Amino acid sequence: MSTPTTGDPAVPQTILGPFSTPDASPTPWEETEWALRRIQKFQLCTVRRDGRPHVTPLVAIWAFGAMWFITGENEQKAKNLSANQHCALTSGTDTLTSTNYVIEGTASLVTDQDTRHAAATAFEQSYGWQFTREDGTWYQLGDRVRAGAVQLYRVQPDKAFAFADGKRSSQTRYLWR
């Protein structure tokens, strides 16, 4: 089952996956996008130079039609992405009746000052006091993004999934083409 797109490259094609229950319907992209905007912690999966996977939790946001995250230049994920830009970001819950999300795409290091400024503002809006108050976990991180003191990555999505579990289980696939 496929939902036609509007021709907007930011709106992916939506397809109900083969592992869904017979009476399931696909999760609309708007619902998934809303969830991605409010989730505060993701797991990033990258690939080491020797082919072994590397997974780490981090703060990330969905903004401007892509996923964004921050890291230090000497962290393993940054080293991995310098050799292989393909990655996945996931988020889920610890219950059997919830929705879990996966975004697969290509990460690009962002150096453009205007883009860094816009992304830093989006992080501050998403995480609020944790980024802006002195007692916040990532206080002044937005300023460090703007100054180029940390690496900012934009993940252009190729494919995403919403796995809804419950009485009706659906595997919705989103494709950007």
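The side chain of Thr-132 reaches out to the backbone oxygen of Gly-128, at 3.2 Å. This is a polar contact, that is, a pair of N or O atoms within 3.5 Å; within protein, one must be able to donate a hydrogen and the other to accept it, and residues adjacent in sequence count only if both atoms are side-chain atoms. The model is predicted: local features need pLDDT of at least 70, side-chain atom pairs count only at pLDDT 80 or more, and totals for chains, interfaces and linings use all residues. Residues are numbered from 1 along each chain as its sequence is written, and side-chain values use heavy atoms, with hydrogens and water left out.

Thr-132 is part of helix α4. Helices (H or I, at least four residues) and strands (E, at least two) are DSSP runs, numbered from the N terminus. Buried means under 20% relative accessible area, exposed over 50%, and partly exposed in between (1.4 Å probe, protein chains only). Leaving aside neighbours within four places in sequence, Thr-132 is in contact with Glu-124 and Tyr-139. Contact means heavy atoms within 4.5 Å. The C-alpha atoms of Thr-132 and Asp-143 are separated by 9.4 Å, and these residues are 11 apart along the chain.

Helix α3 covers residues 113-127. Its 15 residues should span 21 Å at 1.5 Å a residue, and its end C-alpha atoms are 21 Å apart, which agrees. The expected span is 1.5 Å times one less than the number of residues. Asp-112 caps the N-terminal end of α3. A side-chain oxygen of Asp-112 lies 3.4 Å from the backbone nitrogen of Asp-114. Just after α3, Gly-128 takes a positive phi of about 55°.

Seven positions of the helix are not left to the surface: Arg-116, Ala-119, Ala-120, Ala-122, Phe-123, Glu-124 and Tyr-127 are buried. An α-helix has 3.6 residues a turn, so residues three or four places apart point the same way. The buried residues of α3 pack against strands β5 (60-63), β6 (66-71), β8 (99-110) and β9 (151-164). They also pack against helices α4 (129-132) and α5 (141-147).

The protein has 5 helices and 10 strands. Its radius of gyration is 17 Å, close to the 16 Å that the globule rule gives for 177 residues, so it is as compact as a globular protein of that length. The radius is taken over C-alpha atoms, and the rule is 2.2 Å times the number of residues to the power 0.38. The C-alpha atoms fill a box of roughly 50 × 40 × 35 Å along the principal axes. Of the 177 residues, 44% count as buried. Among contacts with a separation of 6 or more, 61% join residues 24 or more positions apart.

In soluble globular proteins, nonpolar side chains tend to be buried together. A nonpolar core is a set of buried Ala, Val, Leu, Ile, Met, Phe, Trp, Tyr and Cys residues joined through side-chain atoms within 4.5 Å. The largest such core has 24 residues, of which Phe-42, Met-67, Phe-69 and Leu-89 touch the most other members. At least two residues each come from α1 (29-38), β3 (42-47), β5, β6, α2 (76-83), β7 (86-91), β8 and β9. The largest share, 4 residues, is from β9. Apart from this core lies another, of 17 residues, among them Ala-66, Trp-68, Ile-70 and Val-145. Beyond four places in sequence, Leu-89 touches residues including Phe-42, Leu-44, Met-67, Tyr-101 and Val-155.

Ser-170 is in strand β10 (residues 170-175). It is buried, with a relative accessible area of 7%. Beyond four places in sequence, Ser-170 is in contact with residues including Leu-16, Ser-20, Thr-27 and Phe-163. Asn-100 lies in strand β8 and counts as buried at 19% relative accessibility. Not counting residues up to four places away, Asn-100 touches Ser-91, Gly-92, Thr-93, Phe-161, Ala-162, Phe-163 and Asp-165.

Most residues other than glycine have a negative phi. Phe-64 has a positive phi of about 55° although it is not a glycine. Phe-64 lies in the loop between β5 and β6 and counts as exposed at 51% relative accessibility. Gln-140 has a positive phi of about 70°, and it is not a glycine either. Gln-140 lies in the loop between α4 and α5 and is partly exposed at 40% relative accessibility.
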